[in-house]
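Visitor: Could you take me slowly through one part of this structure and show me how it sits among its surroundings?

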Amino acid sequence: MTDRIADPWGPRTPYGRGEPWPVRVDRFLADGVRAEDVDRWVQTASTLHSNGDALELAVRDGRLVGVRGRAGDRVNHGRVDPKDLYGWQAFGSPDRLRRPLVREGGRLVETDWDEAMERIVARSREELEQPGGWGRIGFYTSGQMFLEDYYTLAVIGKAGIGTPHMDGNTRLCTATAAAALKASFGADGQPGSYRDVDHCDAIACWGHNVAETQTVLWMRMLDRRRGPDPPRLLAVDPRPTSVAKEADVHLPVRSGTNVALVNALARELIAKGWYDEDYVAAHTIGFERLRDVVEPYTLARAAEICGVPARDLGAAAELLGTGERLLSTVLQGFYQSNQATAASCGVNNLHLLRGMLGRPGAGLYQMNGQPSAQNTRETGADGDLPGLRNWDNPDHIRQLAEVWNVEPAVIPHWAPPSHAMEIFRHAEQGSIRFLWITATNPAASLPELGRIRRILARDDLFVVVQDLFRTETTEYADVVLPGATWGEKQGTFTSVDRTVHLSEKAVDPPGDARADLDILLDYARRMDFRDRDGAPLIWWHDPESAFEAWKRCSAGRPCDYTGITYERLRGATGIQWPCSAEAPDGTERLYTDGRFSTDPDVTETYGHDLKTGAAFTAEEHAAKHPDGRAFLLAVDYRPSPEVPSDEFPLLLTTGRTVYHFHTRTRTARAPQLQAAAPEVWVELAPGDAADLAVEEGDVVRVESPRGAIEGPARITGIRPGAVFVPFHYGSWDVDGDGAPRAANELTITAWDPVSKQPVFKVAAVRVTRVAAATGPAPAPTTGASAPLPEARVAPTTGAAAAEASSERVEG
Amino acid sequence: MQLAHYLGLLHRAEEELASAYREIARAHADDADVFHVCAMLAEECDAHAERLGPFAARYGEEEPDEPERLHSELFGGARGGPLGLLRDLHDLYLMATECDIAWTLVEQAAQGARDEDLCGVVAGCEEETANQLRWLRTRMKQAAPQVLVVAG
């Protein structure tokens, strides 16, 4: 048995290059439950991160009692992330929402579904009757519902109401992944496969603390590192993450300087001749321009901008430039930072220069942060159109109009769909008057929370919130709808490497709580949305029929699902899209022939200027004659919208711990996870702490021009000048008038010009000491928040309550 | 040779555009993208004006008196609110258009004058100006339906 709080990654199963990753089945059962007590195991996949690990839920007497990994699945080979091992316990929490709530006399009171839905419908109709009624209605959704939920929501919004105001919290998490994939390769969709870990000889983690955000992927990487012929490892991260400690080369770059880094690395690959001239000539556009843009970024200049030694940059270039099979993974250190899309395209550039795509081991993950973020994007429940279609391409709009049997004019396509920050801006200015928030918590997760709270509190804004629990956001709602969650409803979702999994219903939701799909179908029925022949617009009635409807919409597009059925998904492993008559078993890697989705009739975008976000026209795109080639895209480095000053001399970065997900609505209700990381903390470098006379555990105040928080200090090997605060801790589970602790009290309102992803990783702050320590900071000792070796801090453990089994299964 | 006048016109147009970007960035700071992008484009216009400086001086030595009515006034100050933002971006578009066509004409003249240095400056600045127009168009297209049809 392993305490997976103390050891989040479990025992190693080393393997060599090209060998299959050994199977290790992880299992956790509630106290006192033995394997033989389990009535049935119900298949699903992980919903507390984006890795898409295939799981089975243990059910006994109609209740969840545990979880185990699915041995045969291609993604995880039986392994389970610690959040998934313990997180399911939250769903039985006594404070689950059981009945709809409506606001009466300023208070939320319980009601029935009819009353709650009728209030929503009445307000919807009232707004729709006004001139430009479509523009008064907005939707803000999630990366944590199922494909069927999102597709239904997308059709309601885009063909029923006809509003462009629909986005997901995926805007905060992986909008840049999508934007970078579209910009370089023409369409969203990860080129790589998780099996590239098995074949690669070098791995580069770009702003990606994979050890804490995708633990199972990290287990796979670690198993390769412990086996024969291990891959070399590069980590770009200002924090001393487990990845950084394991890495052969660690670049703790100054936050906000990623573009200078990738430009210098591209320059070095070109200067050293470490690029594939034939691949570049045959499969890319823009080499000369790239070469000109990166020319000034010598290693010395980048060293100065990024604040890392030039020799380490040279070592990184050598690692990237000399292997045969390079695997890269990119996440929030790039996506939520300055020049996000440009920096992420910079990683794409390195792979294009080296021809490192579409072969075993030569892979690229522009990572997701949430379990079903990929589906939010594919189905168009965010600022995209369904089926990875291009809002600026009239043929794509006609295709959607045919699938839905509506007039093309109904579908909002006169400009890109609104992004989250724009939706909130319209609400702030009073033109959006109805906002339906599903499965997300913007009152804790959006930047500059003071402003978000003022917007949600506006009298003229009708707010609907659909969630599992009361949250910071439900407190601003006019109607609260109790949702059913994972394990309580059926549906599919898709991992980073395009693996589609089916999640079956294992138990009933509590009280009157309903599946998200059922809520949306009820709304569509009550609103009586019709197609152009007078038939119901939403003709499906359950998850499987919704999936079949989505398949029609995906047909012929890069994310083709037509070859997948629920029945096939009940097999041993998930299936990767595209899966169609031409590729009946799915598709492991995209772009194996070096042909990209950039042709005008295929592409999801005509492209943008990376500096300003200016959109290119169809004519401008066609004039480049993409002919299936990928775009090499580069811009000059520009400093962040906020840089340190005398008044605010430090740089704040925000992020996660392995034990929590988002605003902890689920993980805080799992005792093992909550105990491992119970409270906010503030990471400081030793020199900065000494300057401020701060010792381990002292309470510090962190202030930006926008707000302030307090928390105990953890002194770590973080880059000097950097301050880290985890973003998980809001106010829903604290009493009274204590000091604020949400990282987003501090963050700035600014976003990337192309992906519109907010900049969470760069805010200027000052830190002051407030009170003496009463003990060490409550930060985990396991990952990037590990204390310095000389500090006396008890290790984070879960003890007996966290003991899980890990069984090696011979294949 | 009248080229100096056109260089002067363009120099002043870039300076005026830079100052209009700055004023509009400040006036619409709550529209965070407008604030950040306009501030960045103001710097771009500053750089254009700076790069034109030496050429204006060089051709200025051969300059006859400036003809009347060469300069136009396109910007009368920033406005407030969503409709004000749309109108302000519209003004910026017209001002950037003036720069854009002036760059084209200066390029023609630079070719006639066989001035390769000036041709080089024009090529870089003209592309950036075209991109400013592209951004303004993108941003206005995004804003217009909500402002003109939805907002009360």
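Guide: What follows is a close look at one helix, and then at the nonpolar cores.

This is a predicted model, in which local features need pLDDT of at least 70 and side-chain atom pairs count only at pLDDT 80 or more, while totals for chains, interfaces and linings use all residues. Residues are numbered from 1 along each chain as its sequence is written, and chains are lettered from A and ligands numbered from 1 in the order in which they are written.

Helix α19 of chain A spans residues 420–428, where helices (H or I, at least four residues) and strands (E, at least two) are DSSP runs numbered from the N terminus. Eight of the nine residues of α19(A) are buried, a residue being buried if 20 or more other C-beta atoms, placed from the backbone, lie within 10 Å of its own. Among these buried residues are Met421(A), Glu422(A), Phe424(A) and Arg425(A). The buried residues of α19(A) pack against several elements of chain A, including β8 (137–141) and α21 (449–456), together with α4 (116–150) of chain B. Just after α19(A), Gly430(A) has a positive phi of about 85°.

Turning to the cores, a nonpolar core is a set of buried Ala, Val, Leu, Ile, Met, Phe, Trp, Tyr and Cys residues joined through C-beta atoms within 7 Å. The largest one has 238 residues, and Leu234(A) and Val702(A) are among those with the most contacts inside it. Helix α3 (residues 147–161) of chain A contributes the most to this core, with nine residues. A second, separate core has 41 residues, including Ala615(A) and Leu41(B).

Key
Buried ≥ 20, exposed ≤ 12 C-beta atoms within 10 Å, placed from the backbone. Contact = placed C-beta atoms within 7 Å.
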